[in-house]
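Hi,

Here is the structure I promised to pass on.

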Amino acid sequence: MKKPKVAFFDFTCCEGCQLQVANLGEELLDLLGVIDVVEFREVMSEKWEGDFDVAIVEGSITDAHGAERIKKIRERCKVLIAYGSCATIGGVNGMKNGFDLGEIGKYVYGSSYHFFPTEETRPVHDVVKVDYFVNGCPIYLPEFKEVLKAALQGIPYHVPDYAVCVECRLNENVCMYEKGVSCLGPVTRGGCNSWCVNNGNICYGCRGMVSNPNQKGMKDVLTRYNVPLDQIMNKMGMYNRCREKK
Ligand code: SF4
Ligand code: SF4
Ligand code: SF4
């Protein structure tokens with residue numbers, strides 16, 4: 001049977017999500033048994049000129065060139081998967097949206113900044129239709145595999161829409177607030193199995209906010225643990241400066 005053609009692309013990002021996939025090791029070999037990877041810059045030098053079945057896109061759209069390129073990729077694929085926070089919610093690249101873009105350009109490129117025109121950061125679905133989302137910075141590999149399976153079978157994948165706290169409690173972690181540290185788990189989409197908290201860190205909100213965050217519950221937590229709202233908003237800004245539209 002003919003294997004579906006899959007191509008990986010990157011836009012503005014650190015390429016950490018590609019690296020996660022490249023590091024799948026033996027599982028990557030299993031994956032290669034069912035798909036035909038025709039382009040994947042991090043692991044192969046070949047380029048594919050034709051159409052393909054699935055495009056897996058990492059990174060945010062941050063300039064006109066990126067917008068033009070993603071539109072062309074969309075025309076060439078049947079299914080498009082956006083993976084990683086940069087692609088799904090703008091992620092860390094969205095931080096620049098809080099500043100004057102001209103000032104940012106000068107700060108980064110000095111007097112040559114005119115050679116590097118930039119635009120407000122946008123997640124991929126703000127520019128083209130996205131069929132599947134894999135949230136996270138980096139992606140949580142078990143979820144990536146689930147999404148890829150769903151895409152190959154043509155069935156829907158529903159991004160979890162409950163708070164990270166749900167998974168965190170099931171994993172019996174001691175809450176970070178009990179340790180005197182604030183955490184964004186109460187308003188952040190689960191689906192990562194509370195990955196960071198399980199490993200002694202806080203949740204930084206990398207999967208974006210749940211659709212209907214429990215604002216009252218969050219306020220109660222902040223009041224109980226005497227955490228200023230500004231501190232939480234500041235932490236939220238690391239990944240969530242671009243508005244989610246899905
Ligand atoms: S989501 Fe995170 S790990 Fe993935 S490309 Fe963006 S910054 Fe890198
Ligand atoms: S606030 Fe953070 S540490 Fe506490 S339960 Fe929620 S996710 Fe876990
Ligand atoms: S715990 Fe929070 S920051 Fe860590 S992977 Fe999950 S959503 Fe992202």
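In which loop is Pro 138 found? Pro 138 sits in the loop between E5 and H6, with helices (H or I, at least four residues) and strands (E, at least two) taken as DSSP runs numbered from the N terminus. A cis peptide bond, omega about -5 degrees, joins Cys 137 to Pro 138.

Before going on, some housekeeping: this is a predicted model, where local features need pLDDT of at least 70 and side-chain atom pairs count only at pLDDT 80 or more, while totals for chains, interfaces and linings use all residues. Residues are numbered from 1 along each chain as its sequence is written, and chains are lettered from A and ligands numbered from 1 in the order in which they are written.

Now the ligands. Cys 137 is also among the nearest of the 13 residues around ligand 1, along with Cys 13, Gly 16, Gly 84 and Cys 86 (near means a C-beta atom, placed from the backbone, within 6 Å). Helices H1 (16–22) and H4 (85–88) each supply at least two residues of that shell. Around ligand 2 there are 14 residues, and Cys 165, Cys 168, Cys 175, Cys 183 and Gly 185 come nearest.

Next, the inside. The largest nonpolar core has 38 residues, with Ala 55, Ile 56 and Val 134 among those with the most contacts inside it. Such a core is a set of buried Ala, Val, Leu, Ile, Met, Phe, Trp, Tyr and Cys residues joined through C-beta atoms within 7 Å; buried means 20 or more other C-beta atoms within 10 Å of a residue's own, exposed 12 or fewer, and partly exposed in between, with C-beta atoms placed from the backbone. E4 gives the most to this core, 5 residues. A second, separate core of 12 residues includes Ala 163, Val 187, Cys 192 and Trp 195.

The domain assignment (automatic or from a database) gives domain 1 (5–153) and domain 2 (164–236). Their C-alpha centres lie 27 Å apart.

Most residues other than glycine have a negative phi. Glu 15, in the loop between E1 and H1, has a positive phi of about 70 degrees, and is partly exposed, with 16 other C-beta atoms within 10 Å. Glu 172 has a phi near 60 degrees and is exposed, with 7 such atoms within 10 Å.
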